[in-house]
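Here are my notes for a first look at this one. Have the viewer open while you go through the points.

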Amino acid sequence: MNICTSLYAVVLRLLGLHEIPGKEHHPFIIWCFSLTTFPKPYSDEDSWCSALLQGPCYLLGLPRSGSAAARSWLLVGDPIDISSAEIGNDIVILKRGPDPQPGPDVIKAPGHVGIYAGQDAQCVKLLAGNQHNQVSIATFPKSSILGVRRLTAKGGS
């Protein structure tokens, strides 16, 4: 039996998962942080867009960065053009913060990462964590795109 699902389908099930205010932290977010090199103690108040992708990628056998840094995903998977992006296992890495921002060759800089969820002429939609402190679908200008990567499952059955 061959059962396949996509990163998008799994994370869509997490839509609305949110930070817990105060001393408590969402256990799923904390588990995702545990799959990174981010130092303990983990908190859902830290930027967790990259950490969120670690868990589902781990479960699906997809390549992952192992880092809580959004730009670390620029080194994972196969680069594709935004015009070829599809809903499924394609991720989009964005620059974040005031301009000027460094280009995709600089990994240690602010960024945001999420799963491709659609686009129009000027904007790209991302399904991601840490968007208004929750998993949601949000729209960003295409001018913020640093890279688009296609994640392909590793061999095995």
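**Notes on the model**

1. Let's start at a loop: asparagine 133 sits between E4 and strand E5 (134-141). Helices here are DSSP runs of H or I with at least four residues, strands are runs of E with at least two, and both are numbered from the N terminus. Asparagine 133 is not a glycine, yet its phi is positive, about 65°. With a relative accessible area of 42%, asparagine 133 is partly exposed; buried would be under 20%, exposed over 50%, and partly exposed is in between (1.4 Å probe, protein chains only).

2. Before going on, a word on the source: this is a predicted model, where local features need pLDDT of at least 70 and side-chain atom pairs count only at pLDDT 80 or more, while totals for chains, interfaces and linings use all residues. Residues are numbered from 1 along each chain as its sequence is written, and side-chain values use heavy atoms, leaving out hydrogens and water.

3. Now look at asparagine 130, which belongs to strand E4 (residues 123-131). Asparagine 130 also has a positive phi, about 60°, without being a glycine. Its relative accessible area is 22%, so asparagine 130 is partly exposed.

4. Next, the cis peptide bonds. One joins lysine 40 and proline 41, with omega about 0°, and proline 41 lies in the loop between helix H2 (27-34) and helix H3 (49-60). Another runs from aspartate 99 to proline 100, with omega near 5°; proline 100 is in the loop between strand E2 (90-95) and strand E3 (111-119).

5. Which residues form a nonpolar patch on the surface? They are Leu12, Leu15 and Ile137, with about 240 Å² of accessible area together. Nonpolar side chains (Val, Leu, Ile, Met, Phe, Trp, Tyr) are joined within 5 Å, like charges within 9 Å. Areas come from the Shrake-Rupley method with a 1.4 Å probe, and for residues only the protein chains shown count as cover. Leucine 15 is in the loop between helix H1 (7-12) and H2, and is partly exposed at 44% relative accessibility.

6. Finally, the whole chain. It has 3 helices and 6 strands, in the order α-α-α-β-β-β-β-β-β from the N terminus. Of its 157 residues, 45% count as buried. The protein chain exposes about 8,300 Å², and carbon and sulfur atoms supply 55% of that.

Notes. Patches are made of residues with over 30% relative accessible area and no salt bridge: like charges are joined within 9 Å, nonpolar side chains (Val, Leu, Ile, Met, Phe, Trp, Tyr) within 5 Å. A salt bridge is a side-chain nitrogen of Lys or Arg within 4 Å of a carboxyl oxygen of Asp or Glu.
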